[in-house]
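I opened this model to look up how its parts pack together. My notes follow.

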Amino acid sequence: MEDVKCCVASCEKSLDAAYWEAQYKAKATGWDLGKVSPPIQTYVDTIENKNISILIPGCGNSYEAEYLLEHGFTNITVIDIAPTPVAVLKDKFKNNPNIQIILGDFFEHQGKYDLIIEQTFFCALPPTMRQKYVWKMHQLLVDEGKLAGLLFNRTFEVSPPFGGSKEEYETLFAVAFEFLKMDLCPNSIAPRANSELFFELKKNNKVKVNVYELEGITCNGSVQSVTKKLAGIDGILNVSMSSNFAEVLIISKNKIAIEELQNAISDDEKYKIKKIS
């Protein structure tokens, strides 16, 4: 693999189950290393408790899960939206009771995990879904559970993958998680050298993390106004709006009534806010 790009797609194309299944059918899986990523292997080697519950979302061929099983881990769950890799994994591990393989949408998944491993899942999602990603990860982790793995520290001319920067990620995950590590990887594979960040975050179980649907916001000026009004509500610690203005992530000390949120932005009747359950 000479570059980190995986497939050619317009950012406007729906990156749904059919899209990813087509990539596997066409073997257009340039993101697939064919082995566990070295930084994740190094991290796994530091984990002493082999019985912790681990989730790998957007697992693909899941060499990470295979490595975990080979090294004695007993409670692994992997999930992918594309049928082909899921069928391959189910056949590969059909006699192994230590792994659960799920075909489904990560954002509809229910469960509680000590550790969630991030490996080319975040970068496969449209950037408009990043606030929802933070909310769902926080929801799926046990108190003080960890989210760890790799994020791209660069942008791409063709996407997916969708990149970003350390500064963006620090803003995105702020308050919802405690930053244990977010550094440039010293042991990335050669094509990804100096373009990957290894991160380890611990869930902040002292805050409420919710994501809401928004209506009526059409420009950056409106974003700044609405964000400022929501952030001004007593108890709200951080507000982050999606790049398409359709969702907002709100982190607060306590539960905030939807009526209070709506009232804060009701000076413009076209602004509507609704909680995503």
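**Helix pair**

I started with helix H5 (residues 130-140) and helix H6 (residues 166-173), which pack at an angle of about 50° with their axes 10 Å apart. This is a predicted model, so I note all of it as such. Angles between 35 and 65 degrees fall in the oblique class, and H5 and H6 are therefore oblique to each other. I then checked the handedness: the crossing of H5 past H6 is right-handed.

Which residues in H5 and H6 meet? From H5 I listed Arg-130, Gln-131, Tyr-133 and Val-134. From H6 I listed Glu-168, Tyr-169, Leu-172 and Phe-173. Sorted by class, the contact of H5 with H6 holds five nonpolar, one polar and two charged residues.

**Sheet**

Next I looked up the open sheet of four strands. Its order is E9-E10-E8-E11, and the pairing is antiparallel. Which strands stand at the edges? They are strand E9 (236-241) and strand E11 (272-275). Each has a single partner strand, so one side of each has no neighbour in the sheet. On average, neighbouring strands of this sheet are turned by 30° against each other, direction ignored.

E9 pairs with strand E10 (residues 247-252) in the antiparallel sense, over five bridges. I picked out Ile-236, whose bridge partner in E10 is Ser-252.

**Helix on sheet**

Last, I went back to H5. Where does H5 lie? I found H5 across strand E8 (208-215), E9 and E10. H5 runs at about 150° to E8.

Methods: Residues numbered from 1 in each chain as written. Predicted model: local features only at pLDDT ≥ 70, side-chain atom pairs only at ≥ 80, totals over all residues. Heavy atoms only, no water. Axes fitted to C-alpha atoms, helices over the stretch in contact; angles between N-to-C directions. Helix = DSSP H or I, 4+ residues; strand = E, 2+ residues; numbered from the N terminus. Parallel < 35°, antiparallel > 145°, perpendicular 65-115°, else oblique. Left-handed = near helix turned anticlockwise from the far one by under 90°. Contact = heavy atoms within 4.5 Å. Nonpolar A, V, L, I, M, F, W, Y, C, P; charged D, E, K, R; others polar. Pairing = 2+ DSSP bridges.
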